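Let's take a walk through this fold, one stop after another. Have the structure open and follow along.

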Amino acid sequence: MSTSTEPVRERTPIARVVGASLVGTTVEWYDFFLYGVAASVVFGDLFFPKGEELTGTLLSFATFAVGFFARPIGGVVFGHFGDRIGRKNLLVLSLLMMGVATFAIGLLPTYAQVGALAPILLTVLRLIQGFALGGEWGGAVLIVSEHGDPARRGFWASWPQAGAPAGQLIANGVLAGLAAFQSDAAFNSWGWRIPFLLSAVLVLVGLWVRLRIEESPLFQQARAKQEPSEKIPFVEVITKYPREILTAMGARMAENVSYYIFTIVIATYAKDHLGLGKSFALNAVLIAAAIHFCAIPLWGALSDRVGRKPVYLFGAAGVGIWGFVFIAFVDTKNFALATLAVTVGLVLHGAMYGPQASFFTELFGTRVRYSGVSVGYQLASIVAGGLAPFIAVALLKAYDSGYAISVYVAVCSVISLIAVVSYGETSKRDLAQV
């Protein structure tokens with residue numbers, strides 16, 4: 001299909017738009033992942049009654065999952081207003097909400113101080129985090145996709161995706177640094193709070209960058225040409241694009257589950273199952289995240305050349321197989337092999353995550369695109385990423401073997417393979433004509 005009708009007018013240079021999206025998504029994912037890492041190493045002890053260690057971790061991961069249940073709600077609300085009034089203002093609001101919630105977590109009292117109120121407050125703030133992130137992802141990838149050159153859409157749209165490993169890198173780096181230079185007692189007492197409080201600085205930087213970009217020209221053009229729809233965008237998207245929503249959800253399964261296994265569950269697995277220190281998994285993920293950050297745009301660029309489907313299918317099949325090697329390498333308790341396990345896993349994950357932004361963008365029309373990508377992406381996060389740590393730890397507790405987790409990843413891989421294979425190639429679609 002020809003791409004000649006896509007708008008070429010850009011109020012903001014594409015490099016600045018990409019930079020603004022990348023900085024914003026980095027801050028948002030830093031906040032979101034910081035909670036996940038903290039949940040795996042400290043929250044179980046601090047915010048829940050004392051008991052068996054894995055039980056405390058399960059309760060902690062349950063609050064982690066709560067954030068994922070809030071994400072579709074955030075996607076619907078932000079998508080509604082993003083499709084009606086534009087992408088930019090909603091991106092600023094999502095970043096501000098996430099920053100305030102994360103900063104507040106750093107000030108929370110523990111279970112020993114206020115009892116049951118502690119996990120309740122933690123859960124409420126996690127809900128706010130999830131709600132904010134539910135609106136963030138769709139707006140960030142759309143404002144880049146709708147600004148950029150159609151021939152390089154996969155490359156440009158992959159940069160906001162790189163905000164995930166960048167946020168993970170910063171979150172793990174700060175926590176690993178504190179764990180290395182503090183005693184366990186000091187870290188559990190007050191050191192864990194520092195990364196959450198630092199979020200305020202990162203949010204101010206992100207807001208400054210985002211306020212300097214203009215609205216998506218494709219959205220402006222579509223709004224000028226079309227009469228406002230009487231339908232609510234969410235209703236329109238689920239009635240007009242049901243297959244596309246299911247495709248996005250299915251494609252997310254292997255991508256989302258494998259990511260949280262490789263980056264979050266490994267901390268619990270190494271600490272509680274293998275008896276290793278906190279720094280073992282944190283440092284392994286730290287190194288792997290740096291390589292992951294570089295791999296994502298490369299996979300995005302490759303999808304511009306060979307299509308979204310071949311790259312995505314390679315990644316989905318790869319993580320399904322690598323999940324077994326991953327556990328075998330980590331079980332050796334050798335840091336080099338564990339780091340290799342995480343690194344290869346995340347590079348394969350990048351083959352899905354890199355082209356994912358452009359792939360999902362190309363599924364929906366401009367009038368409901370914010371709602372479409374947000375709903376498809378975030379609904380899957382409930383059953384995929386949100387439950388992944390909880391299911392993985394429950395499997396570990398039930399079977400006392402990491403290979404039960406590998407089977408879980410493999411099943412999710414099959415679901416994603418079926419979803420992507422059953423849908424056509426989208427890389428040549430004209431966003432103005434979808």
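Where is the place of isoleucine 120? Look in helix α5, which runs over residues 117-145; helices here are DSSP runs (H or I, at least four residues) numbered from the N terminus. Before going on, keep in mind that this is a predicted model, where local features need pLDDT of at least 70, side-chain atom pairs count only at pLDDT 80 or more, and totals for chains, interfaces and linings use all residues. Residues are numbered from 1 along each chain as its sequence is written, and side-chain values use heavy atoms, with hydrogens and water left out.

Isoleucine 120 has a relative accessible area of 48%, so it counts as partly exposed (buried is under 20%, exposed over 50%, partly exposed in between, with a 1.4 Å probe and protein chains only). Together with Val114, Leu117, Leu121, Val124 and Ile128, Ile120 makes a nonpolar surface patch of about 440 Å². Helix α5 gives the largest share, five residues.

Now follow α5 to helix α15 (residues 335-361): their axes, lines fitted to C-alpha atoms over the stretch in contact, come within 10 Å and cross at roughly 80 degrees. That makes the two roughly perpendicular, a label for angles of 65 to 115 degrees. Trp137, Val141, Leu142 and Ser145 of α5 make the contact (heavy atoms within 4.5 Å), and among their partners on α15 are Tyr353 and Phe360.

Last stop: serine 199, in helix α9 (residues 193-210). Serine 199 is buried because its relative accessibility is 0%.

Key: Patch = residues over 30% accessible without salt bridge, like charges linked within 9 Å, V, L, I, M, F, W, Y side chains within 5 Å. Areas by Shrake-Rupley, 256 points an atom, 1.4 Å probe, with all protein chains shown as cover. Salt bridge = Lys/Arg side-chain N within 4 Å of Asp/Glu carboxyl O. Axes fitted to C-alpha atoms, helices over the stretch in contact; angles between N-to-C directions. Parallel < 35°, antiparallel > 145°, perpendicular 65-115°, else oblique.
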